[in-house]
Amino acid sequence: MISEPLKNPLSLFDVSGKSALITGASGALSRAVAISLASLGAKLTLAAGTQDELEQVAAECRTVGAAAGAEVQIINCRPNSLEDAEAMVNLAVESYGDLELMFIGSGYNKAGFIHEQSLEDWQSVMDANVRGNWLMAKAYGTYRINNKKKGGKVVMVSSVRGRHGNISGYTGYCSSKGATVMLTRVLATEWGQHQINVNSIAPTVFRSKLTAWMYDEDNELGQATKARSLSRLPLGRLGEPEDFVGIALYLLSPASDFCTGQIMYVDGGFSAG
Ligand SMILES: NC(=O)c1ccc[n+]([C@@H]2O[C@H](COP(=O)([O-])OP(=O)(O)OC[C@H]3O[C@@H](n4cnc5c(N)ncnc54)[C@H](OP(=O)(O)O)[C@@H]3O)[C@@H](O)[C@H]2O)c1
């Protein structure tokens, strides 16, 4: 007797009809995830603070997802408070009857050397990357656990900077991404009994708004930071949003049902050596 996943392995990646919430949907990595899920017929709730960019991504999702039966709605919101996080989760549940998948792609960096950086700037990075993830996880987990929903998938974005330091003024960013690693592991252990998988993707430098300063030829620190990353990348290039999609789809689909608490490095080999 040959089981269904062995006969039809692509069915492991089936996310059609799944309700998925994506934060930071105006951003490069979330946009790539959103468009891919739409192409596969998911029901999307896209959240971000920048309305025009959010609408543009939603329009792209509707275009590519129409044939697959995708549904797309937006909410102009960042995870600044528990009320914000709950509003996003509630909208997904009210519109689609459930919320199964969550990709937390909102995030931020404000680099600064510690002897020059204000506490407020450091805190703003921790708030976006740690507090925001915690709030989203709390709203999602509260919904699923209180409603006795079995299963679910949460994907956060850490970074190679959650494992490696950086001399470019990253006390906030590296610390926040290290905290994301532990948030992932703790939630995975706490929620295993509810069959909720929690994993993180840890990219190296990918082209996005966040890293635009590294692609700016007039930005000396940016150029040096990019060159240093590149010099350590066995695959010899930086990431493009398309490089992110395969691992995101794996972690959001049944293909990863037995994978939880993991930090998946999508980094061109940066962390290998
Ligand atoms: N690109 C990389 O090289 C790289 C590497 C490692 C990890 N990451 C992580 O990947 C995630 C996605 O980043 P990305 O590269 O796609 O960057 P991005 O293009 O800048 O997208 C991030 C999104 O997060 C939202 N955001 C910005 N500041 C925020 C804040 N203070 N609080 C809440 N949301 C905020 C923005 O949406 P609105 O302004 O519309 O709300 C933005 O569109 C982040 O967690 C980032 O740290 C990226």
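I took two strands to pair if DSSP finds at least two bridges between them. The model I examined is predicted.

**Entry 1: the sheet**

I looked up the strand order and found an open sheet of 7 strands, ordered S3-S2-S1-S4-S5-S6-S7, with parallel pairing. Strand S3 (71-76) and S7 stand at the edges; each has a single partner strand, so one side of each lacks a neighbour in the sheet. From one strand to the next, I noted an average twist of 15°.

S5 and S6 run parallel and are joined by 6 bridges. Within this pairing, I recorded Val-157 opposite Ile-201 in S6.

**Entry 2: helix H6**

I checked the length of helix H6 (171-191). Its 21 residues, at 1.5 Å a residue, should span 30 Å, and the end C-alpha atoms are 30 Å apart, so the two values agree.

Which residues of H6 are buried? I listed Gly-172, Tyr-173, Cys-174, Ser-176, Lys-177, Thr-180, Leu-183, Thr-184, Leu-187 and Trp-191. An α-helix has 3.6 residues a turn, so residues three or four places apart point the same way. I next asked what the buried residues of H6 pack against. The partners are H5, S5, S6 and strand S7 (263-266).

I searched for positive phi values in residues other than glycine and noted Lys-148, with phi near 55°. Lys-148 sits in the loop between H5 and strand S5 (152-157).

I placed Gln-195 in the loop between helix H6 and strand S6 (196-203). Gln-195 has 14 C-beta neighbours inside 10 Å and therefore counts as partly exposed.

**Entry 3: the ligand shell**

I listed the residues around the ligand and found 27. Of these, Gly-27, Gly-49, Thr-50, Gly-107 and Ser-208 come nearest. Which helices each supply at least two residues of the shell? I recorded helix H2 (28-39) and helix H5 (119-146). I also sorted the shell by class, which gave 10 nonpolar, 14 polar and 3 charged residues.

Note on methods. Residues numbered from 1 in each chain as written. Predicted model: local features only at pLDDT ≥ 70, side-chain atom pairs only at ≥ 80, totals over all residues. Near = placed C-beta within 6 Å. Helix = DSSP H or I, 4+ residues; strand = E, 2+ residues; numbered from the N terminus. Nonpolar A, V, L, I, M, F, W, Y, C, P; charged D, E, K, R; others polar. Buried ≥ 20, exposed ≤ 12 C-beta atoms within 10 Å, placed from the backbone. Expected span 1.5 Å × (residues − 1). Contact = placed C-beta atoms within 7 Å. Axes fitted to C-alpha atoms, helices over the stretch in contact; angles between N-to-C directions.
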